[in-house]
Amino acid sequence: MTALNRLPWFTWLLIYCLSVSTWHWLTYSFYGQASYRIGGPVLLAALIYLTQRPYRVSHIGIMLFGIFVVNCLIENMLLGIPPQSSAIISLTLIFQAYLGWFLLRRFTPDAQFPNTLKKSINFLIFAVTLPVLVSSIIHPLLERLVSPLPFTFYGIEQEVLYWTAIRFTSMVIISPLLLWQHDRQQSHLFSSLAKFSSFVWTLLVGMIIAVMVFSIANPEGRALATYSSLLMPYTLFVAIRLPLVQSLMVILCISVISFWADSRHAGQAQQVINSLIALSVFISFNALVAWLVGMMLHDREQHLEKETSLHHLYEMLSRFNQLLIKKPLEKPQLFESACKIILEETKFDRVSIIHFDNAASNENVINCALARNENDIFTMLPCVDKNCDLVKRVLASQAYELFQSNKHMHDESSFFGYNSVAAFPIKQKLNSVGCLLIFSKREFIFTPEMLRLFQELADDTGFAISMHDFQKRLKQTTEVFDYSCESIIIADGEGTILDVNPAFSIITGYSREEAIGQNPRMLKSDKQDSAFYESLFRQLQKHGIWSGEFWNKRKNGELYLQRGSLTTVLDSDGTILHIISIMEDVTQRQQDEATILHLANYDQLTGLPNRVLLNEYFLRASAESQRSGLTWTLLFIDLDKFKEINDAFGHHYGDELLRLVTARLSSHIRETDLFSRFGGDEFIIIAQCSMDEASQMALRYIEEIKQEFLIEELDIHIGASIGIAMFPQDGVNLEDLIQAADTAMYKAKALGGNASVFFNLSMQKEVQEQMAMRSNLDKAITNNELSLYFQPKVTVAHGIVKIVGYEALIRWPQPDGGMISPANFIPLAEKIGLISGIDQWVLKNAITKLSDWLVRYPRGVLPVAVNVSASLFADREFVSMLTKTITLFGLPPALLELEITERVAMLDVEYTLNTLKELKKIGIGLSIDDFGTGYSNLAYLRLYPVDVLKIDIAFVKDVHLDAKKQNLVRAIISMAQALGMKTIAEGVECQEELDFLVNEKCDQYQGFFFGKPVPEEKLIF
């Protein structure tokens, strides 16, 4: 909508008054009257502009009445025309304008603004020629009708010609100028200084020519028109050289100058009128030529511009479609390429594409914007987002929004200085997922064809997004199909294989080409009967899915177990189109599960059932006993001398011995019995039998085990101690029954081994005492109820006894003042797994006391030896834990000595050697306790960084009376001296024993002869 279109009726009335008054005042002096009336085109323009929007008839009527009054006054006052004639002139003028407006609205509404040749011709016929002729005929008739003189037609043709020439000239010259501005696709009147200069020079030259033509030798009357044709070539030049509006302005100015120049020599009376008519005809003809020629050229330019624009638009669409086909891109690159193509192929200034996956969320939003300057296309920050009102309206309506002028925009009208903007929805599956925005600095640039093609491009973009998403999903599906570890078969409704994935070929051995066209029956293994397959297909047809596992056969004949599902794909009628099989080869998994199950339930070394199966079997046996009243027996077997064999010859021999024992006893186990390995060298047999039968079984087992075993050409002899417990007499649950049999087994060992003992009530009390002791021992460790006693270690030189250190010995005081012997609770602690905790308690307390003594008696502190059990020594964190404790209390490591038994030292020679080296590196003293009672490997002993060999009490006791003991002690002392170690004899209780040891040059002594273990407070520093 233009500025003129927005003017109200009273503004038009004011414009009419000012323009007509000014024009009459300027041109009255030419011929003594107005050269031509400007009021006609102004009034027609007013009617056309006012009726482009909703209007009120009363306002139009008031305006026309005001124009009538104003026109009468101007005609009368400025031109001196009588009131009656001025009224007729005004009425016919208003009638002319109204008739032109009416004919345009009735027959050719689109010609109200003549911006094409066709519209101009229609405008010329309906708005100019017909109304001018009718009003020019009516005018003289009205003059004669109201005149007091008799009515006559004499001279009427002259008057009609006069008014026709005057009014037609004004309409032809002025109307196109007033109505042309509606076409806003045109650039500004003078868009550059060059255009303005061209216009000015053309105007000046035309005015000079007009003055020269009409001021010199002006012919009379009708000859003027012929003479005036001399200006026609220049008129054509102007129409061709200048834009239409400028050429019309030049013609207007030339016509005014022509009237002025001609009026200077027009003559008098009728000659003036003839000259005016002739010149008007000439001016009208020239104006028509300029108008129509200019409009023709304008139409040609518009047509060429439109064709060029359409060519670029179709090229834009073609390039974009080629981009989609030839080069699949990710969404950001696709949008950027689309924006760039639009800017390269059109004259628009900026393009934006905004896309989002979810209209309600700001996640996954892609916003691309490109703009152009004089030299380049560049990326810039987006000026709109999905929350912009324009974008919201487009998404809501799913139709494009168009603003041809920034005067039509709302709050978003700023749009960074752009005057036109169009927004097009990008749709995907009928949903708007984005928006394409086109910006231009020119107004009214968008044509219907542009809008159609841009919407087509937006639709193509939506299609491209859909294809991108589809291809992405297809790629993912293909990747799943190709890279899946499961075998995938796609078959038709009849079961014919249409396609298989690579995993199928890997699992079955059949290639894709071999499988396609075949039936999955080619994999049939015959391990399932026909009823299985009938049930499978019934379920598949009824529910559309089957899942489970069955055996198939590979191409090489090997059977394999597969697990998975079959699924049907149905058409709209419910007919099966495809059957999808997804299966995995679980053969190895089944084997692994079987292996895991075997490992969980069977001993790895012997293959016997372990505690898990033992417990399950006992539950079944106890249930059977309750139903039938049968008696069941539990035999607890422990191998005698097994630890000595294992320690002396290594774990390899021990493991092989366990396997041989298992094989030998298994031949005597009934199918109804359970033979299991309980742990270490312990076995349990559960059998349904009486006490007599159990006793016979135990004797048979003992005899079998007593027979020699040959391992790598080494004859090995061991024995067995068997404890027997009866169910339900000796226990109603497995734990109680094992405890009873274990107690009986220890009783058998106490009898010397190779014996079997039944559990009895007297043993029950012993078991209860052990259980009570176990509970109390747990509490004693937790509540710090244990205490340390210290026994001195001495040297004897020339009869002088000197204390050189102490051994820390644990004691368990009782509330009643008594003391539980270590011989009673230490074996129990080893058995129930508390010995490591006791050792750690002893170490920590010994280190604590040593650090306390250092503070109190800096010069009187002697080293303290602590025994380390096999359990604690085997702990991989033992050295680091001990180091942290020593560091924490700031104890010099030399004040601490560790004693390990000979058996512990030989358990794992490599680990022992490394551990002893780490302890020696710290500075801790090392001793081997109970030396001579085990099976020491002297080759390894020489490598151990040990300081002291401690001669066991068994060799010291009565050594002065036993020659064999004397020889053993001499050998130990000599060996220690040869290895650079010291010796200490423990258990010295009499002078005779001491004299022998001193004579053999033993280094240190320990025993009751020098002092019993005493608490800390009785030590002398």
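Residues are numbered from 1 along each chain as its sequence is written. Because the model is predicted, local features need pLDDT of at least 70 and side-chain atom pairs count only at pLDDT 80 or more, while totals for chains, interfaces and linings use all residues; side-chain values use heavy atoms, with hydrogens and water left out.

## Overall make-up

The protein has 34 helices and 27 strands. Helices (H or I, at least four residues) and strands (E, at least two) are DSSP runs, numbered from the N terminus. Of the 1021 residues of the protein, 47% count as buried. Here buried means under 20% relative accessible area, exposed means over 50%, and partly exposed lies in between (1.4 Å probe, protein chains only). The accessible surface comes to about 50,700 Å², and 58% of it belongs to carbon and sulfur atoms; such areas come from the Shrake-Rupley method with a 1.4 Å probe, and for residues only the protein chains shown count as cover. A contact means heavy atoms within 4.5 Å. Among contacts between residues at least 6 apart in sequence, 64% join residues at least 24 apart.

## The open sheet

An open sheet is formed by 6 strands in the order β3-β2-β1-β6-β5-β4, with antiparallel pairing. Two strands pair if DSSP finds at least two bridges between them. β3 (377–379) and β4 (401–403) are the edge strands, and each pairs on one side only. From one strand to the next, the twist averages 15 degrees. Axes are lines fitted to C-alpha atoms, for helices over the stretch in contact, and angles run from 0 to 180 degrees between N-to-C directions.

Within β5, Val421 stands opposite Phe403. Two helices meet this sheet. Helix α14 (residues 448–483) packs on the sheet and touches β1, β4, β5 and β6, its direction making about 35 degrees with that of β5. Helix α13 (residues 389–397) lies across β1 (350–356), β4, β5 and β6 (431–440), and runs at about 135 degrees to β6.

## Strand β20 and its partners

Strand β20 (residues 800–813) has several partners, including those in the table.

| Partner of β20 | Sense | Bridges | Opposite residues |
|---|---|---|---|
| β19 (residues 787–797) | antiparallel | 11 | Val796 and Val801 |
| β21 (residues 819–820) | antiparallel | 2 | Trp812 and Ile820 |
| β22 (residues 864–867) | parallel | 3 | Glu807 and Ala865 |

β19 and β20 form a hairpin with 2 residues between them, and His798 in the turn has a positive phi of about 55 degrees. β20 and β21 also form a hairpin, with 5 residues between them; Gly817 in that turn has a positive phi of about 95 degrees.

## Aromatic contacts

Rings of Phe, Tyr and Trp (its six-membered ring) pair if their centres lie within 6.5 Å; planes under 30 degrees apart count as stacked, over 60 as edge-to-face and the rest as tilted. By this rule there are 26 aromatic pairs. One of them is Phe532 with Trp546, edge-to-face at 6.2 Å centre to centre and with 90 degrees between the planes. Phe532 lies in helix α17 (residues 530–543) and Trp546 in strand β9 (residues 545–553), so this pair ties together parts that are 14 residues apart in sequence. Phe532 is partly exposed at 24% relative accessible area, whereas Trp546 is buried at 7%.

Trp812 and Phe825 form another edge-to-face pair, at 5.5 Å centre to centre and 85 degrees between the planes. Trp812 belongs to β20 and Phe825 to helix α25 (residues 822–832), 13 residues apart. Trp812 is buried at 3% relative accessibility, and Phe825 is buried at 0%.

One aromatic cluster consists of Phe348, Tyr400, Phe424, Phe446 and Phe454.

A charge sits over a ring if NZ of Lys or CZ of Arg is within 6 Å of the ring centre and within 35 degrees of the ring normal. Arg106 has its charged end over the ring of Phe107, 5.3 Å from the centre. Arg350 lies over the face of Phe439, at 5.8 Å from the ring centre.

## Backbone features in loops

The peptide bond from Phe727 to Pro728 is cis, with omega near 10 degrees. Pro728 is in the loop between β17 (719–727) and α23 (734–750). In the loop between α23 and β18 (755–758) is Asn754, which has a positive phi of about 50 degrees although it is not a glycine. Asn754 is partly exposed, with a relative accessible area of 36%.
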